Amino acid sequence: GSEMCIRDSAETVRTTLGPKGMDKMLVDGLGDIVVTNDGVTILKEMDIEHPAAKMLVEVAKTQEDEVGDGTTTAVIIAGELLKKSESLLDQDIHPTIIAMGYRQAAEKAQEILDDIAIDSVDEETLVKVAMTAMTGKGTEAAREPLAKLIVDAVQKVAEDGVVDTDNIKIEKKDGAVVEDSTLVEGVIVDKERVHPGMPSEVKDAKIALVNSPLEVKETEVDAEIRITDPAQMQAFIEQEEKMVKDMVDKVAESGANVLFAQKGIDDLAQHYLSKAGILAVRRVKKSDIEKLARATGANVVTNLEDLTADDLGEAGIVEERKVSGEEMIFVEECSVAKSVTLFVRGSTKHIVDEIVRAIEDAIGVVAATVEDDKVVAGGGAPEIAMAKKLKDYADSISGREQLAVNAFAEALEIVPKTLAENAGLDSIDSLVDLRAAHENSAVMGLDVFTLSLIHISEPT
């Protein structure tokens, strides 16, 4: 890969920031194409050799893991901090001093953020937060309905103010418009029933989850079985059949009418299951089995011998439906649903993939907001507010760290500056206007749609 210096990696993602940012089309080593606006996705796909630029990729990854969004912002701020420190070094300021100043500034910036943050977030604000996270990521058209679904999903799985986002499954299928996306209180499994003779819909489902195969067990050792006359052969086959029939009887006796198996179900077992009127699905992914367990309250059984009625989960309905020409199994109306599924639709595979990326970001951000219950205004407002107060703070510091704190403050302004640039505004004029606006209010931001300053209203 070609050497990429730091400035390139920060510059590459810079142009994607904000609603007016541009998407990047990336081609990876295998020739696969990804079209995205997501900073971390872009940086992961680039071949980066430069050690400091590698650090920027780490910044993006950490941001992605912790918050789920804001990777582009994190990278351009980091890139700008590095750029500013370069000019400080040119003024013969020692790296230790710069690091100390930056650290002081970062701590102060946290305090300022806490000051300007708005506490106790209502649902309407959560929807705005979700919409912000999806801005400029190919979801523009259906942002609002998607945001509502996301907030809904997060609130459903939230327990005592803690959100485990693993409980929100994202299932995707192309071939329909984004607006057709839905939230299912339960789980969608991208499989079909194993046998056409089985019911395609089961109401008041009693669900068994099994992670052992339903088939004739092969003998463990290489045993040689000598059969000397046909009657023995017949007895042997009947014996094998009986083993499978017993397995299915065991499932039926437990009262189960739906069976999800993590491993295989052989032809004979399928035959007996459909005779027993049980809807069965095989080779279900482990992660799906776990989500089914959480959604329906079922226990995953390793040994069929142990299966009892207590192990079964419940769902109002389990149904096989045709979605864009392919069968999928919907497990819905789960009374104990601690697990929900966002069923994402889009016209083409590329579109669905990018929407899923946007939704994953938004889920992370909404979950974080639900957990810490604070928001700040957008549109570059918090960066301008922090820069302004950090400059005041710098004046109170003696010594050369003051220069580093000032540099930190200026670096933060790269965010509103970039937003302005990407919208085709004059970035210097915009910054001057924004700074002036902040004399009176800490929530003045840049509206790149009307290309003007707006007061980012306090949520009522």
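Modeller: Let us begin with Lys156, which forms a salt bridge with Asp152; their closest N and O atoms are 3.8 Å apart. The term denotes a side-chain nitrogen of Lys or Arg within 4 Å of a carboxyl oxygen of Asp or Glu. The model is a predicted one, in which local features need pLDDT of at least 70 and side-chain atom pairs count only at pLDDT 80 or more, whereas totals for chains, interfaces and linings use all residues. Residues are numbered from 1 along each chain as its sequence is written, and side-chain values use heavy atoms, with hydrogens and water left out.

Both partners of this pair belong to helix α7, where Lys156 and Asp152 are separated by about one helical turn because they stand four residues apart. (Helices are DSSP runs of H or I with at least four residues, numbered from the N terminus.) Lys156 has a relative accessible area of 29% and is therefore partly exposed; Asp152, with 30%, is likewise partly exposed. (Under 20% is buried, over 50% exposed, and partly exposed lies in between, with a 1.4 Å probe and protein chains only.)

Lys148 and Glu144 are four residues apart in α7, about one turn of the helix. Lys148 counts as partly exposed because its relative accessibility is 47%, and Glu144 counts as partly exposed at 41%.

The partner helix also deserves attention. Helix α7 (residues 143-157) packs with helix α11 (residues 349-372) at an angle of about 50°, their axes being 9 Å apart. This angle makes α7 oblique to α11, a class that remains once angles under 35 degrees (roughly parallel), over 145 (roughly antiparallel) and from 65 to 115 (roughly perpendicular) are set aside. The contact (heavy atoms within 4.5 Å) brings Leu146, Ile150, Val151 and Val154 of α7 to Ile355, Ile359, Ala362, Ile363, Val366, Ala367 and Val370 of α11. By class, the residues of the contact of α7 with α11 are eleven nonpolar, no polar and no charged.

Since Asp353 and Lys349 lie four residues apart in α11, about one helical turn separates them. The two partners fall into separate accessibility classes: Asp353 is buried, with a relative accessible area of 17%, while Lys349 is exposed, with 55%. Elsewhere, salt bridges that share partners join Asp152, Lys156 and Glu185 into one network, which returns us to the pair with which we began. The structure as a whole holds 25 salt bridges.

Helix α5 (residues 95-116) and helix α12 (residues 381-395) have axes that come within 9 Å and cross at roughly 125°. That makes α5 oblique to α12. On the α5 side, the contact is made by Gln104, Ala105, Lys108, Ala109, Ile112, Leu113 and Ile116, and on the α12 side by Pro382, Ala385, Met386, Lys389, Leu390 and Tyr393. The contact of α5 with α12 has ten nonpolar, one polar and two charged residues.

Terms used:
Axes are lines fitted to C-alpha atoms, for helices over the stretch in contact, and angles run from 0 to 180 degrees between N-to-C directions. Helices (H or I, at least four residues) and strands (E, at least two) are DSSP runs, numbered from the N terminus. Ala, Val, Leu, Ile, Met, Phe, Trp, Tyr, Cys and Pro count as nonpolar, Asp, Glu, Lys and Arg as charged, and the others, Gly among them, as polar.
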